[in-house]
Amino acid sequence: NKDTGFYNPKYAVKESAEAQFKYAMSFFEKKRFEHSRKLFKRLIQFFPDSKLNAESQYMIAECYHEDQDYWQAYKEYQVLVKEYPRHERIQDVIKKQYEIGRLLCNGTKRKWMGIKIKAEEKGMEVLENVVLLDSWDELADDALFEIGKCQYRKKQYESADKTFAKLVQDYPSSEHVEKAQYLKARCSYDR
C-alpha cells in the first residue's frame, strides 16, 4: 500500500521473470486459473523484455480456455498472434481458435458480465479469423464449412450460399465440397 508502506508478500512480484513464471504455473497446475492468469499478466507488466512474455501470454489465454470463457480465450490468443507472430505455438493457437469458433457456432454460450449468452455471431467471427490465419493450411476449409452451416442454421441463406461457394471454389479438394454443394443448393431452395 502506498500510504502505509505495507504490502502483502503474497501479491509481490517475484525476483525474476523465471521465478514469476514458475509461480504462476504452480497455480495453473492447481487449476486456480484466475490467480494464475493475474500472475502471468504481472510477469508481462513487470518484466517487459522477458523472453517468457510470449509464453505468458499463451498461458493467459489457456487460463481463460480452461475456465471455459472461450470468447476471452480467443481474444487473448489473438494478442499472442499479433504481438508474437513467430511464437512456436501459433499453429496450436489456430487449432484452439478453430475449436472455440466451432463450439460457439454450435451453441456453447459465452460469458458476458457474469452471464452466459448465445454466441453464434462471435463463433463465426472467430472462424473467419481462422480462415485468414490458416488460408493455405489444414483448417481454413473446415472453418468455412462451419461458418456456412452456422449461417444456414440461422436462416442467413444468402450469406451461407456465398460461404459454401467460396469453400468449393477456394478448396476444391476439401472433404467438405460435396456437403457444401448440397447445402448451397438447399440455400437456394429455402430462400
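Predicted model: local features only at pLDDT ≥ 70, side-chain atom pairs only at ≥ 80, totals over all residues.
K166 and D170 both belong to helix α8, where four residues, about one turn of the helix, lie between their positions. Helices here are DSSP runs of H or I with at least four residues, and strands are runs of E with at least two, numbered from the N terminus. The side chains of K166 and D170 form a salt bridge at 2.6 Å, N to O; the term denotes a side-chain nitrogen of Lys or Arg within 4 Å of a carboxyl oxygen of Asp or Glu.

Residues are numbered from 1 along each chain as its sequence is written, and side-chain values use heavy atoms, with hydrogens and water left out.

On accessibility, K166 is partly exposed at 39%, as is D170 at 31%. Buried means under 20% relative accessible area, exposed over 50%, and partly exposed in between, with a 1.4 Å probe and protein chains only.

Helix α8, residues 157–170, holds another pair four residues apart, K162 and E158, separated by about one helical turn. Their side chains meet in a salt bridge at 3.8 Å, N to O. K162 is exposed at 55%, whereas E158 is partly exposed at 47%.

What does D161 pair with? Its side chain meets that of K184 in a salt bridge at 2.9 Å, N to O. Because D161 lies in helix α8 and K184 in helix α9, residues 177–190, this pair ties together parts 23 residues apart in sequence. D161 is buried at 14%, and K184 is partly exposed at 28%.

In total, the structure holds 14 salt bridges.
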